[in-house]
Amino acid sequence: MLKHFRYEEFDSPDEKGSFINMDSDFLSMLDNARGAARIPFKINSGYRTAQHNKKVGGKSKSSHLVGKAVDIACNSSRERFKILSALQDEGFNRFGIADTFIHVDNDENKSPFVIWTY
């Protein structure tokens, strides 16, 4: 049970109920980080079907495809700091930073302790 999110927020837009493919440990960590940040996390992208991932130009080995990634909307440097701090405190260590969102994943098949930009 998530305290700060509705499961539907993690659906791929082309497959209702696809949130079931999200990793439960990932969601628990994300929910804890959201509570610690004390600001809303608007999920731009959660789980993605292969078709949706292709449509949005996602990478073929995207962590969204295995339910271990989200993109969180972010509109200011202060919001970005609060979100990143809470995610790091919860144990996340893979981040992609864009002007309008933060990608976070905990895909153990990828290099840890990295931050990249879009």
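Modeller: Both faces of β4 are covered, with Phe101, His103 and Asp105 buried on one side and Ile102 and Val104 buried on the other. The model is predicted, so local features need pLDDT of at least 70 and side-chain atom pairs count only at pLDDT 80 or more, while totals for chains, interfaces and linings use all residues. Residues are numbered from 1 along each chain as its sequence is written, and side-chain values use heavy atoms, with hydrogens and water left out.

Biologist: What makes a residue such as Ser18 buried?

Modeller: Buried means under 20% relative accessible area, exposed means over 50%, and partly exposed lies in between, with a 1.4 Å probe and protein chains only. Ser18 has a relative accessible area of 0%, so Ser18 is buried. Ser18 lies in the segment before α1.

Biologist: Which residues does Ser18 touch, not counting those up to four places away in sequence?

Modeller: They are Asp11, Ser12 and Tyr47. Contact means heavy atoms within 4.5 Å. The C-alpha atoms of Ser18 and Tyr7 are separated by 9.2 Å, and these residues are 11 apart along the chain.

Biologist: Why is β4 called mostly covered?

Modeller: Five of the five residues of β4 are buried. β2 is also mostly covered, again with five of its five residues buried. From β2, Ala69, Asp71 and Ala73 point one way and Val70 and Ile72 the other way. In a regular strand the side chains alternate between the two faces of the sheet.

Biologist: What makes β2 and β4 a pair?

Modeller: Two strands pair if DSSP finds at least two bridges between them. Strands (E, at least two residues) and helices (H or I, at least four) are DSSP runs, numbered from the N terminus. β2 (residues 69-73) and β4 (residues 101-105) are joined by five bridges and run antiparallel. Val70 stands opposite Val104 in β4.

Biologist: How many bridges join β3 to β4?

Modeller: Four bridges join them, and the two strands run antiparallel. Ile97 has Ile102 in β4 as its bridge partner. β3 and β4 form a hairpin with three residues between them. β1 and β2 pair over two bridges, also in the antiparallel sense, with Ser45 opposite Asp71 in β2.

Biologist: Why are β1 and β5 called edge strands?

Modeller: β1 (43-45) and β5 (114-117) each pair on one side only. The open sheet has five strands in the order β1-β2-β4-β3-β5, and the pairing is mixed. Neighbouring strands of this sheet are turned by 25 degrees against each other on average, direction ignored.

Biologist: Which strands does α1 lie across?

Modeller: α1 lies across β1, β2 and β4, running at about 25 degrees to β2. α3 packs on the sheet and touches β2, β3 (94-97) and β4, and its direction makes about 170 degrees with that of β3. Axes are lines fitted to C-alpha atoms, for helices over the stretch in contact, and angles run from 0 to 180 degrees between N-to-C directions.

Biologist: Why is α1 called oblique to α3?

Modeller: α1 (residues 24-37) and α3 (residues 77-89) pack at an angle of about 130 degrees, with axes 8 Å apart. That angle makes α1 oblique to α3: under 35 degrees counts as roughly parallel, over 145 as roughly antiparallel, 65 to 115 as roughly perpendicular, and the rest as oblique.

Biologist: Which residues of α1 and α3 meet?

Modeller: Leu30, Ala33, Ala36 and Ala37 in α1 meet Lys82, Ala86 and Leu87 in α3.
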